[in-house]
Each structure stands twice: as C-alpha cells, then as structure tokens.
Amino acid sequence: MFNKILVANRGEVALRIMRACKELGVKTVAVYSTEDADTYPVHYADEAVCIGPAQANKSYLVMGNIIEAAKNTGAEAIHPGYGFLAENADFARLCEENDLVFIGPAPECIERMGDKSSARETMKACGVPTVPGSDGCIDTAEEAKAFADSVGYPVLIKATAGGGGKGMREVHAPEELESQYQAARTEAGAAFGNDGVYLEKLVLRPRHVEVQVLADNFGNNIALCERDCSIQRRHQKLIEEAPSPALTDELRRAMGVAAIKAVRAVDYKNAGTIEFLLDSDGKFYFMEMNTRVQVEHPVTEEITGTDIIKEQLRIASGEPMSCADRAPFTPAGHAIEFRINAEDPEHGFRPCPGTITRFEPPAGPGVRVESYIRSGSKISPYYDSLVAKVIVHGQDRDEAIARGKRALDEFIIEGIATTIPFHRRVLENAVFCSGDARTDFIETQMGDVL
C-alpha cells in the first residue's frame, strides 16, 4: 500500500478519498486554489499545496502544477477523483512519466473508452449490445441525413468526446437535422476541443442503468450490481438508486456479464462504470464507459458492503481487491442518493453561490451524508454546485424512500437555495414511488421546474 498520495480534486470527493486513505494508514496531500484555501479538505489532509488562482483552468486543470506538488511532497500516487483531470489520458500518462501512480486505468483505456465512437465499435466487436448507430464519426450534414433516413427518426446526435449532455441533440424530423447537427458540433468543439459527432437511433423513454465494475491485476473482474440513474435534468443526474427497480435477477446477471465483457475487451484495471440504456421491452444497450469513480458510487457501497475508494487504492498499489471472493453480488437492501446542489429549483435550477449561514445535516439509522461543508462555508461560483450527497439505505425500496423523506426533512441549509425541496417533491410523486421513472421523468412529471 502507498505511504502517501496526492488528491487532485476538491470538495466532497477530495474529503471522501482522504477519509478512505486515513483508514488505510495512507497520508494525504491536498492541492487547492486560492478560492479553496479555507475549505475543510485542505485542513483535513496531512499536507496542502496551493496550485493557483480560483479559475480551474489556472489551478485544478494545470497538470504541471499538480505533478510538481506531488513530487515536492513525496507522494507516490495521485487520485484524480471525478471531474477535472479524472478522465484525461494525457494526465495519466504524465503521472507515469514522472514515476507517479495514477489511481485509475491506463491512459490507453481512457483514450479508447473516452472516444464514444471508438468505444461503441469495441463493444460491438466483443458482443455487448449497442444501439444501432453510424460507423464512426459523421463528417457532414448530408451523411447525417443519409444515416437518419436509413434507420428512421428519431435519432440522437452525440459528441464522440462528450459527457454530461454536451454536444448531444435529439432530432425528431428531417427538417431539424442540419441545424441540430451543426449545433452539436459547435457545442462539442467548445466543450471538448473535439467537434466530432456520431449518430444513433434514439431509444424513446429509456431508463439509464449502469453497472459498477472493479478489475485488478490478478485476473479478478467483478460487477458490483447496478444503479438506476434515470432521474436527470438535461442529462445531469439528480437522484440515483441501487438496485434498479426495473431489473429482474435474470436481467441483472445479463447486464453484469455484458459489463465484464466490456472490461475484458480493453484490459481495464481499477474502478469503472458501464452505462446502459434499458428500453421498455427489457432490452439494454451500451451507452458509454466512465473510466473513473462516479459521484453516485455510495449507493453501490451501501448495497454491497464494499468501499470502492479503498479498492481503487488496493488495485493501484498492486494488491488484489479484497471483495472478489464475495462475487457475484446480490443486492442487500435498497439505497438512494440525492444530490444536494446549490441551485434554485423554483427558478429553473439557477446556480446559487453564496455563504452558508446554517448547516445541519441529517443523521440516524441508514443515513449517510457526504459533504465538505460547514456553517460559514462559501459556495464558489467557479466550481460545480454540489454541496452534499444524502445517501439512505433501507431493507427495501419503501423503507429507503421513507428514510429519504425523513432525512431531507431534517437537513437544514440556510443562506443559499438548494435542491432539497425538489427532492422532497420527487419522493411524493406516484410515478417515482411506483419504480417506473424514465429519463423523461422531470419533463413529464415536473415540467414546472424546468
């Protein structure tokens, strides 16, 4: 196991990683921008190094500053968390070149699975179901039209280097195609520096179901059950739960087998997530692979009794994962995660930076809160708006929902608007409670908050 690692991130994920390290006896180095100098993770770490001003492109995204901080503090490895440089193959390679272990997959895996068009072709070749789509990127609007005519509308235009819904456009009629194609390319180029797009047949009203995977250097490849992430706004997840209320045991096994095929196809190592679309007929299709730990990893930890961050550290340090002998996993109870963002759901989820004057998180049986916030903390306009994650675990879904209502009622945050009222409304919704929510849930059930 490592003696010291640097955490190349901020906020709740940085603190989550540091806590896992402390339990393993690993010392930690925090890096921070001037904006984050007084945040809790910076004080919690054993050492801290300022790497630049508030803007992420001058601090958390400056690879050289992070590498220098790691070398100067004697860190042996770097954990990127999620966001920022977590899926940047150049950064993973730079770590290797400086004799630092990147706690994640090899840069070649990040590149192969980060390019969605290439990932689709890889999955098709190894027998993982994929949505009918174009062979590689589409270079002109005329090519896009020819593909759409061949498979029929609606179709989905997707950025090959994309994520988070950027560079993605639904097209429901031929007259929309050219303008949406050009808009997707423009947005993709601005967001990712790569304007390549490809097309897929649009799966109507799907569920978003993903499988957590772990793979080590000792031949262990396991699936840690699935998560349902169908409650989304503009392709950004808001609520996740595990297991999915839509899956039978047979379908769970089939998705797990497909996920492991994906892992083996690219010789993947460390933690990752295979994301699928599940249609109304129970057919599932590969969507993408996230080559990092996910925001929603705690719901999987709750139903499997597995600390995914610790397993990442074990795998990266050359040890076998500790949970392989418990596979295949059967979900133990039900867990739901609520992302508490500094956003105002009464005004179109408008960002709401500011100072938190009162912060009293919920507690009690089956309630877990992941946050870096304290009373007096400032929510910066420079970074992601995530303030906290509330994770509840119950013997079954009904108990998890009841526990979620209780936890959200207990949670007091004053000084800024948050998404807590939105989550309360979701838990009162009959469609959500029935377990039949799809990715269009907010549009069809809560259109007034769009």
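Where is the place of Phe84 in this structure? Phe84 sits in the loop between E4 and helix H4 (89-97), where helices (H or I, at least four residues) and strands (E, at least two) are DSSP runs numbered from the N terminus. The structure is a predicted model, in which local features need pLDDT of at least 70 and side-chain atom pairs count only at pLDDT 80 or more, whereas totals for chains, interfaces and linings use all residues. Residues are numbered from 1 along each chain as its sequence is written, and side-chain values use heavy atoms, with hydrogens and water left out.

Most residues other than glycine have a negative phi, and most peptide bonds are trans. Phe84, although not a glycine, has a positive phi of about 50°, and its relative accessible area of 29% makes Phe84 partly exposed (buried means under 20% relative accessible area, exposed over 50%, and partly exposed in between, with a 1.4 Å probe and protein chains only). Phe349 is likewise not a glycine and has a positive phi of about 60°; Phe349 lies in the loop between strand E15 (343-344) and strand E16 (350-351) and counts as buried, at 4% relative accessibility. A cis peptide bond with omega of about 0° joins Tyr153 and Pro154, and Pro154 belongs to the loop between helix H7 (141-151) and strand E6 (155-159). A cis peptide bond also joins Ala242 and Pro243, with omega of about -5°, and Pro243 is located in the loop between strand E11 (236-242) and helix H9 (249-265).

Two open sheets are described here. Strands of a sheet pair through backbone hydrogen bonds, either parallel or antiparallel, and two strands are taken to pair if DSSP finds at least two bridges between them. Strand E1 (residues 4-7) pairs with strand E2 (residues 27-33) in the parallel sense over 4 bridges, and Leu6 has Val29 in E2 as its bridge partner.

An open sheet of 3 strands has the order E7-E6-E8 and antiparallel pairing. Its edge strands are strand E7 (169-171) and strand E8 (197-201), each of which pairs on one side only, and neighbouring strands are turned by 25° against each other on average, direction ignored. E6 and E8 pair in the antiparallel sense over 5 bridges, with Val155 standing opposite Lys201 in E8. H7 packs on this sheet, touching E6 and E8, and its direction makes about 10° with that of E8. H8 packs on the sheet as well, touching E6, E7 and E8, and its direction makes about 170° with that of E7.

Helix packing was then considered. Two packed helices are described by the angle between their axes and the distance between the axes. The axes of H7 and helix H8 (residues 174-192) come within 10 Å and cross at roughly 125°; H7 and H8 are therefore oblique to each other (angles under 35 degrees count as roughly parallel, over 145 as roughly antiparallel, 65 to 115 as roughly perpendicular and the rest as oblique). In this contact Ala141, Ala144, Lys145 and Ala148 of H7 meet Leu177, Glu178, Tyr181 and Gln182 of H8.

Helix H3 (residues 63-73) and H4 pack at an angle of about 30°, with their axes 11 Å apart, and are therefore roughly parallel to each other. Met63, Ile66 and Ile67 in H3 meet Asp90, Phe91, Leu94 and Cys95 in H4.

Helix H12 (residues 397-410) and helix H13 (residues 420-427) pack with their axes 10 Å apart and at an angle of about 155°, which makes H12 roughly antiparallel to H13. The contact is made by Ile401, Gly404, Lys405, Leu408 and Asp409 of H12 together with Ile420, His423, Arg424 and Leu427 of H13.

Technical notes. Axes are lines fitted to C-alpha atoms, for helices over the stretch in contact, and angles run from 0 to 180 degrees between N-to-C directions. Contact means heavy atoms within 4.5 Å.
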